[in-house]
Amino acid sequence: MDYQAFFAGHLDRLRDEGRYRVFAELERIVGAFPRARLHRAGATPREVTVWCSNDYLGMSQHPTVVKAMQAAIGAQGSGAGGTRNIAGTNTLHVALEHELARLHEKEAALVFTSGYVANETTLQTLGAMLPGCELYSDSFNHASMIAGIRHSGAVRKIFRHNDTAHLEQLLTAADPETPKIVAFESVYSMDGDISPIGTMCDIAHRHNALTYLDEVHAVGMYGNRGAGVAERDGVLAKVDIVQGTLAKAFGVVGGYIASTAATVDFIRSCGNGFIFSTSMPPAIAAAALASVRHVTNHPELRVRHQERAATLKRRLQVVGLPVMPSISHIVPVSVGDAALCKQASDLLLDRHDIYVQPINYPTVPRGTERLRITPTPLHSDEDMARLVKALESVWQELELGRRAAAE
Ligand SMILES: Cc1ncc(COP(=O)(O)O)c(C=O)c1O
């Protein structure tokens, strides 16, 4: 086989479909969030406004977080020194896990190198080790959950997105004695919709299934202390295993689960993605710990975040731009075509110094391509006015308004 020709041919097809991913090379500027410098070959770097980051609260450059990371590097150096078992369990990992367990009102927590690894490892381990386990998975679940479920080899049952009746129907048809896990998310990050956590958990528990909830796009942002939508809805105790990230609202990197002491100890003891990988650097744990504490103690951040999202949705609706019906902090604007979505993103960057990346297949189904906008508490009214004006201009130039209306 001509391997290089195969790779090049595949990339050509992605380009033809308008789905080839081009990264914007950004240099972040501490203190100027959401501004960053855009670097391009042969051009002088220029400042742009970022409207699509998952650094939802701007915590990545909050002085408390930056100082905590700097201090920990000064005190303990850079790397962790090994897997948690070998030489990599650090006082900061332990403190972070205590804080996360407290946040979610669980007995224990376990930190992984990313949210992806947390999902994949936990679901794979549970699915493979619980005898005859069946995994019930929402059809919109994230790739990391799908990977864990697939690799576990467990029987996989997909229920229609947020469809509690379908979940109930599938569980009713199952053998009551078989171990089962119902895995779903709280905030679905591409559409911005939210699952009925309490109802899903009640159904799962009626059928003696464990509940596994990914709150990656909710931790730090929902609930009085930022424990997620389960906290907001008053159903923390109904979630058997909650999974989260330290990379989005908490602005650092890493992932975790929180659950009963026995569940967490089981994954700690049997999960390959935890056991066989070097642990998170202590300075990362220090920064995450500082961020979790800060975000927990500042509910006004969450109020402002929701206000910014609601204001932007309203302003886009007023000028007739096709905002999709999100009920969360995520503001998706429908384009419906991969090439046009890329062109819209390029025009925003080239003409208006605004960065919003295109969201195309396979992240979303074909025909539902969109711009996914994520306002933060640090986006001002002026930033918003500039964004709306720029979008109107791009929509007019690409005749997108008419397309959306026609669809
Ligand atoms: C729903 C969901 N779960 C898990 C992850 C993975 O989290 P992390 O970025 O910390 O690896 C993501 C990443 O975007 C996600 O959207």
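Visitor: Is phenylalanine 7 buried, exposed or partly exposed?

Guide: Go by relative accessible area: buried is under 20%, exposed over 50%, partly exposed in between (1.4 Å probe, protein chains only). Phenylalanine 7 comes out at 45%, so it is partly exposed. Phenylalanine 6 is also partly exposed, at 45%. Mind that this is a predicted model, where local features need pLDDT of at least 70, side-chain atom pairs count only at pLDDT 80 or more, and totals for chains, interfaces and linings use all residues. Residues are numbered from 1 along each chain as its sequence is written, and side-chain values use heavy atoms, leaving out hydrogens and water.

Visitor: How many aromatic pairs does a search of the whole structure find?

Guide: Rings of Phe, Tyr and Trp (its six-membered ring) pair if their centres lie within 6.5 Å; planes under 30 degrees apart are stacked, over 60 edge-to-face, the rest tilted. The search turns up 2 pairs. Phenylalanine 6 and phenylalanine 7 are edge-to-face, because their planes sit at 75° with the ring centres 6.0 Å apart. For phenylalanine 112 and phenylalanine 274, the centres are 5.7 Å apart and the planes at 75°, so that pair is edge-to-face. It ties together distant parts of the chain, 162 residues apart: phenylalanine 112 in strand 4 (residues 108–112) and phenylalanine 274 in helix 11 (residues 272–275). Helices (H or I, at least four residues) and strands (E, at least two) are DSSP runs, numbered from the N terminus.

Visitor: Which ring face does arginine 15 lie over?

Guide: The test wants NZ of Lys or CZ of Arg within 6 Å of the ring centre and within 35 degrees of the ring normal. Arginine 15 lies over tyrosine 20, 4.1 Å from the ring centre, and arginine 366 lies over tyrosine 361 at 4.0 Å.
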